Structures are given as C-alpha cells and as structure tokens.
Amino acid sequence: MAEVTYERYEGPEAAAQLDAFLPAYEEVYVEPPYCEGPSDVAEFIDRYQLQTQRPGFRLVLARDGGEVVGFTFGYRLPADTGWWDNLLDPMPDGFTRECGERTFVIIELAVRKPWRRRHIAAGLHTRLLEGLSVERVTLTMRPEPEAAPAQSAYAAWGYRKVGRSHPWDEAPVYDCMVLNLR
C-alpha cells in the first residue's frame, strides 16, 4: 500500500468524479447494515447527480496509488431544506432554521474494508470540512452494532446525537448527529 493521498472537488467538477468512486461505494454499501443492491446503487447515482448541484457541494477522495479507497461528500443546507423535517424528536426553537450558510451536511463518508483503521476516515473528514465558514455540521448514521466503528469515530470527532431521523417511508431510523464548529 502506497501513501494515501486526498483530492477535493467542488461543484461541477465533483459530478465528473462519480465513476472514480462508484466501485468503492458499491463495495462498502453491500455490507451490513446497508446491504444495498443494484436498485439502491441506481438511486444513489441519481441522487448524487442532483446533490452535486447544491450550493457548497464538496467531494473528497482518498487514493492509495490511483485506487479510490475512501470518499466523503456533502453541501450547505439551503434555507428551504427539508433535512430537519425528518426528525422524530422535537428540537429547541430555532435549531432547524437554515439560511444557506449555517449548516454543512455530510451525506456519505466511507472507507473500503482493507483500508479501515488507518485514520483515512479522519483524513477525509478533515479535508471535507477544511475552510468551511459554517456554524455546524450534521450527518445521520445507522445505530446498528455493525456501525459501531463509525459511531466511535464520530463521537471522538465531537459529534453529539440530537435526535432520530426517518428520511423516507422505507428507510430505517438513523441517529442525527451535530458537530458545532463555533
């Protein structure tokens, strides 16, 4: 294994990188607790193309040599976001208010199995948030035992659980996490 390098892409240039990291996505998300199949991957591709058009969209790829071994991406939540509408728990007044500059959402952060436990996820996370001028970062994560390493990493990075999220009818319930930057 060579030294892992990181590349950050923003906006339209990130859309062109889908083919570079799609095999890594398929490899990671076929595992439990996700167990995604071909129709899930097709939905991911469609969502990704739309998400790359969001303001502040960023993608970071981790490469070992030329091979993508991890990735993360997200964007700033717009004022009219539906992100917080999926929360199952009541939030304090003003918590869910967005203006387009307050919150950055991490949609995906994944590392392929042979490269885990090498701080690559932390490197991806750091480079994704580097230089952001937002108040906080949010993400959702699975609560199942198989996701314990991710849960531990997010806790170590300072995230706290603010509630539970149920993003669509067939979806599982996720833990909604927030990291305050200010």
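How many aromatic pairs does the count come to? Before the answer, some ground rules: this is a predicted model, where local features need pLDDT of at least 70, side-chain atom pairs count only at pLDDT 80 or more, and totals for chains, interfaces and linings use all residues. Residues are numbered from 1 along each chain as its sequence is written, and side-chain values use heavy atoms, with hydrogens and water left out.

The count comes to 16 aromatic pairs. Here, rings of Phe, Tyr and Trp (its six-membered ring) pair if their centres lie within 6.5 Å; planes under 30 degrees apart are stacked, over 60 edge-to-face, and the rest tilted.

**Stop 1: Phe21 and Phe73.** Select these two. Their ring centres are 6.2 Å apart with the planes at 50°, so this pair is tilted. Phe21 sits in helix H2 (residues 18-29) and Phe73 in strand E3 (residues 67-76), so the pair links distant parts of the chain, 52 residues apart. Helices (H or I, at least four residues) and strands (E, at least two) are DSSP runs, numbered from the N terminus. Phe21 is buried at a relative accessible area of 0%, and Phe73 is buried at 0% as well. Buried means under 20% relative accessible area, exposed over 50%, and partly exposed in between (1.4 Å probe, protein chains only).

**Stop 2: Tyr29 and Tyr34.** These ring centres lie 4.7 Å apart and the planes meet at 65°, so call this pair edge-to-face. Tyr29 is buried at 7% relative accessibility, whereas Tyr34 is partly exposed at 30%.

Now widen the selection: Phe21, Tyr25, Tyr29, Tyr34, Phe44, Tyr48, Phe57, Phe71 and Phe73 form one aromatic cluster.

**Stop 3: charges over rings.** Show Arg136 and Phe95: the charged end of Arg136 sits over the Phe95 ring, 4.6 Å from its centre. For that label, NZ of Lys or CZ of Arg must be within 6 Å of the ring centre and within 35 degrees of the ring normal. Next, find Arg142, whose charged end sits over the ring of Tyr174, 5.6 Å from its centre.

**Stop 4: Ser165.** Tyr174 is also one of the residues that Ser165 touches, along with Asn86, Leu87, Thr140, Pro172, Val173 and Cys176, leaving aside residues up to four places away in sequence (contact means heavy atoms within 4.5 Å). Ser165 is in strand E6 (residues 160-165) and is buried at 5% relative accessibility.

**Last stop: Cys176.** This cysteine is buried, at 1% relative accessible area. The structure holds 0 disulfides, a disulfide being a pair of cysteine sulfur atoms within 2.5 Å.
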